[in-house]
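Reader: I am new to this structure and would like to learn how to read it. Could you walk me through some features, with the general idea and then the case here?

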Amino acid sequence: MSLALNIEELMGYMASVFPQVSDDFAIEELSEDRLIMRLKVAHRHLRPGGTVSGPSMFALADCGVYAMVLARVGRQGLAVTTSCSMDFMRKPEGGVDMLAEVRLLKLGKLLAVGDVLMRSEGSDKIVARATMTYSIPPAGSVAANAG
């Protein structure tokens with residue numbers, strides 16, 4: 001299956017349906033089977049001790065899988081997270097951006113399952129891993145056409 005949206009189309013669409021992601025996230029790479037998303041780490045993403053907060057890492061994983069699903073299925077603004085499991089493995093660096101490597105493990109008509117590995121920029125050490133399931137509105141539904 002080929003991509004329905006390229007990086008520019010995807011970021012433009014996400015900015016229109018989910019504008020709060022524009023300031024924090026950027027897509028670095030996109031192919032049929034992989035997406036790299038950047039969290040532009042700012043002071044608001046940090047918790048005491050100078051580390052990136054768990055909610056910020058969740059947002060990175062969630063936006064990354066959302067973007068990968070949209071890249072493959074097209075403008076489905078109402079695709080939603082239905083399940084998430086995260087493992088926090090080590091402290092991310094607070095002074096650098098975080099990168100998430102997203103892969104879709106399954107893309108069906110109604111569900112997509114993605115795997116996300118997160119690292120601090122400049123490091124190969126994984127700081128967190130997430131598995132997320134997204135519900136995709138059925139073709140022809142009002143929700144599927146809401147974008």
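Reader: How many disulfides come out of the count?

Author: A disulfide is a pair of cysteine sulfur atoms within 2.5 Å. By this rule, the count here is 0. Cysteine 63 takes part in no disulfide, and the nearest cysteine sulfur, that of cysteine 84, is 12 Å away. This is a predicted model, in which local features need pLDDT of at least 70 and side-chain atom pairs count only at pLDDT 80 or more, while totals for chains, interfaces and linings use all residues. Residues are numbered from 1 along each chain as its sequence is written, and side-chain values use heavy atoms, leaving out hydrogens and water.

Reader: Is cysteine 63 buried or exposed?

Author: Buried means under 20% relative accessible area, exposed over 50%, and partly exposed in between (1.4 Å probe, protein chains only). Cysteine 63 is buried, at 5% relative accessibility, whereas cysteine 84 has 32% and is partly exposed. For the protein chain, buried residues make up 44% of the 147 residues.

Reader: How many helices and strands are in the protein chain?

Author: Helices (H or I, at least four residues) and strands (E, at least two) are DSSP runs, numbered from the N terminus. The protein chain has 2 helices and 8 strands. Along the sequence they follow the pattern α-β-β-β-β-α-β-β-β-β.

Reader: What is the order of the strands in the open sheet?

Author: Two strands pair if DSSP finds at least two bridges between them. The open sheet has 6 strands in the order 1-2-6-7-8-5, and the pairing is antiparallel. Strand 1 (25–30) and strand 5 (80–88) are at the edges with a single partner strand each, so one side of each has no neighbour in the sheet. From one strand to the next, the twist averages 25 degrees. Within this sheet, strand 2 (residues 35–39) and strand 6 (residues 98–107) are joined by 5 bridges in the antiparallel sense, with isoleucine 36 opposite glutamate 101 in strand 6.

Reader: Which strands does helix 2 touch?

Author: Contact means heavy atoms within 4.5 Å. Helix 2 (residues 54–73) packs on the sheet and touches strand 1, strand 2, strand 5, strand 6, strand 7 (111–120) and strand 8 (126–135). For directions, axes are lines fitted to C-alpha atoms, for helices over the stretch in contact, and angles run from 0 to 180 degrees between N-to-C directions. Helix 2 makes about 45 degrees with strand 6. Helix 1 (residues 7–17) lies across strand 1 and strand 2, at about 155 degrees to strand 1.

Reader: Which side chain makes a polar contact with that of aspartate 115?

Author: A polar contact is a pair of N or O atoms within 3.5 Å; within protein, one must be able to donate a hydrogen and the other to accept it, and residues adjacent in sequence count only if both atoms are side-chain atoms. The partner of aspartate 115 is the side chain of arginine 129, at 3.0 Å. Aspartate 115 belongs to strand 7 and is buried, at 15% relative accessibility.

Reader: Where is arginine 119 found?

Author: Arginine 119 is in strand 7, and at 22% relative accessibility it is partly exposed. A polar atom of its side chain lies 3.2 Å from the backbone oxygen of aspartate 124.
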